[in-house]
Amino acid sequence: MYYNEEFETLPRPALEALQLKRLKGMLERVCSGVPFYRETFARAGIVPADVQSLADLRRLPFTYKQNMRDSYPYGLFAAPMEEIVRIHASSGTTGKPTVVGYTQKDIDTWTELMARSLVTAGVHRGDIIHNAYGYGLFTGGLGAHYGAEKLGASVIPMSGGNTKRQILIMKDFGSTVLTCTPSYSLYLGEAAREEGVDFRSLKLRVGIFGAEPWSESMRKEIEEKLNLSAVDIYGLSEIMGPGVAIECIEAKCGLHIWEDHFIPEIIDPETGEPLPEGEKGELVITTITKEGIPLVRYRTRDITSITYEPCRCGRTHARIARMSGRSDDMLIIRGVNVFPSQIESILMDIEGVEPHYLLIVDRKDNLDILEVQVEVDERLFSDEVKHLQSLTQTIEKAIKDLLGVTCKVRLVEPRTIVRSEGKAKRVIDKRERN
Ligand code: DLL
């Protein structure tokens, strides 16, 4: 089953011709409309007319999350604010979020690609989609919502949280599709058991899970516990949101990346050089149809590999492997993107706290938990217990307020956190990954 058969099955030569045409148009647009691109292209000694083949793409400079931050909030927008109809944002490497703007055409494209992704995952009209991705600045909720409506399915806009109610609704409303993060799906499974609800008695058939790393063994566990077929969906706000790539229900072997709108490359994150098909490296994406904030060779930092082998579902779009990590230190904690440097700058603004800390991430009852161990100065450590307690709460509140992440702070004595002779090890991630 296809949503848009013509585009999903375009023979590769036609797909590549379309990519080149769209790429050229996009390069003209960004060079005339965005000073950042005019400057970086000039520095690289390149004008859009130099790009005459898809292979020429590699001559263009990369774009980084930092470039978006430097032009915070709207500096990289290629359309005037009068044409921007939606704004989303995700965490940046420091306190400031990365801001993305969509024109009406961008929303239409996203909606179409999300509808296409849902059909690829085996969803159809008549399905009842329980959408537990968060609604808000995060792209998950609204992205899945619009796609589901466009497809003609019934969407229940649950958003995250209020787990008991989620289970009641899922049961009473007869939900057939669940969309949320993989870790939240397992949490729902556990909570249902506590409520005496057996997933085998529910109508759920398909789960569409993404926004954080997960593994094949986790897929197996989810499928067993929730009695559904679990599909991996990938996306990022900078590029669009959910629906950049998704597994097909037929093969569940790699995620089709929608090449009529995005050009993927796999590069060596150290050297920036392109890697051959099948080799693991960093995913770089060029958007070729976006108007609000088109991105040229955007460094996603996500590690994967790509294959152009035909897929048994008949779609001709390349497949990327399940994400196996990141080339930077970004953590995803209960769906929230967090950089250790963000926590560090919060800690450093608090009096009595030493610049030695350790973040310990674990998963308990299928939920991510973050412990922040931090050294306090000698004077403070010998202080009254109530002062230490209040400091703990101050730090926990600051992290919650600024980053949206709940954590447990543990104050430790001076010189207890292991010092390193090279790069400091700031993070211990105990969550399962393979
Ligand atoms: O997480 C968009 C999304 C929403 C995708 C719902 C899928 C479902 P951001 O908050 O900007 O956007 O985070 C993007 O999350 O660069 C990856 O590191 C990670 N990520 C997203 N999907 C997957 C996945 C949304 N399927 C960042 N597997 C990305 C592993 C994923 N990591």
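Which residues does glutamine 373 touch, not counting residues up to four places away in sequence? They are His356, Tyr357, Leu358, Ile360, Arg410 and Ile417. Keep in mind as you explore that this is a predicted model.

Glutamine 373 sits in strand E19, which covers residues 367–376. Its relative accessibility is 11%, and because buried means under 20%, glutamine 373 counts as buried. Its side chain also makes a polar contact of 2.9 Å with the side chain of glutamate 371.

**Around the ligand**

Now turn to the ligand. It is surrounded by 22 residues, and the closest of them are Asp232, Ile233, Ser237, Asp302 and Arg326.

| Residue | Protein atom | Ligand atom | Distance |
|---|---|---|---|
| Alanine 211 | backbone N or O | nitrogen | 3.1 Å |
| Arginine 326 | polar side-chain atom | oxygen | 3.0 Å |
| Asparagine 337 | polar side-chain atom | oxygen | 3.2 Å |

Taken alone, the ligand would expose 610 Å², and the protein buries 97% of that. Two elements give two or more residues to the shell: helix H6 (139–151) and strand E7 (229–236). Strand E7 gives the most, with five residues.

Helix H2 runs over residues 12–33, which makes 22 residues. At 1.5 Å a residue, helix H2 should span 32 Å, and its end C-alpha atoms are 31 Å apart, so the two values agree. Buried residues of H2 include Leu15, Leu18, Leu23, Met26 and Val30. What do the buried residues of H2 pack against? Their partners are helix H1 (5–8), helix H3 (35–44), strand E10 (262–267) and strand E11 (281–287).

Because 13 of its 17 residues are buried, helix H5 is largely enclosed by the rest of the structure. Just after H5 comes glycine 122, which takes a positive phi of about 95°.

**A loop residue and a strand residue**

Is threonine 63 buried or exposed? Threonine 63 is buried, with a relative accessible area of 0%. You will find threonine 63 in the loop between H3 and helix H4 (65–70). A polar contact of 3.5 Å joins its side chain to that of tyrosine 37. Leaving out residues up to four places away in sequence, threonine 63 touches Phe36, Tyr37, Leu295, Val296, Arg297, Tyr298 and Arg299.

Finally, look at serine 154, in strand E4 (residues 154–157). At 38% relative accessibility, serine 154 counts as partly exposed. Apart from residues up to four places away in sequence, serine 154 touches Asp127, Ile128 and Ile129. Take the pair of serine 154 and isoleucine 129: they are 25 residues apart in sequence, and their C-alpha atoms are 6.0 Å apart in space.

Methods: Residues numbered from 1 in each chain as written. Predicted model: local features only at pLDDT ≥ 70, side-chain atom pairs only at ≥ 80, totals over all residues. Heavy atoms only, no water. Helix = DSSP H or I, 4+ residues; strand = E, 2+ residues; numbered from the N terminus. Buried < 20%, exposed > 50% of the residue type's maximum accessible area, 1.4 Å probe, protein only. Contact = heavy atoms within 4.5 Å. Near = heavy atom within 4 Å. Polar contact = N/O pair within 3.5 Å; in protein donor to acceptor, adjacent residues only side chain to side chain. Areas by Shrake-Rupley, 256 points an atom, 1.4 Å probe, with all protein chains shown as cover. Expected span 1.5 Å × (residues − 1).
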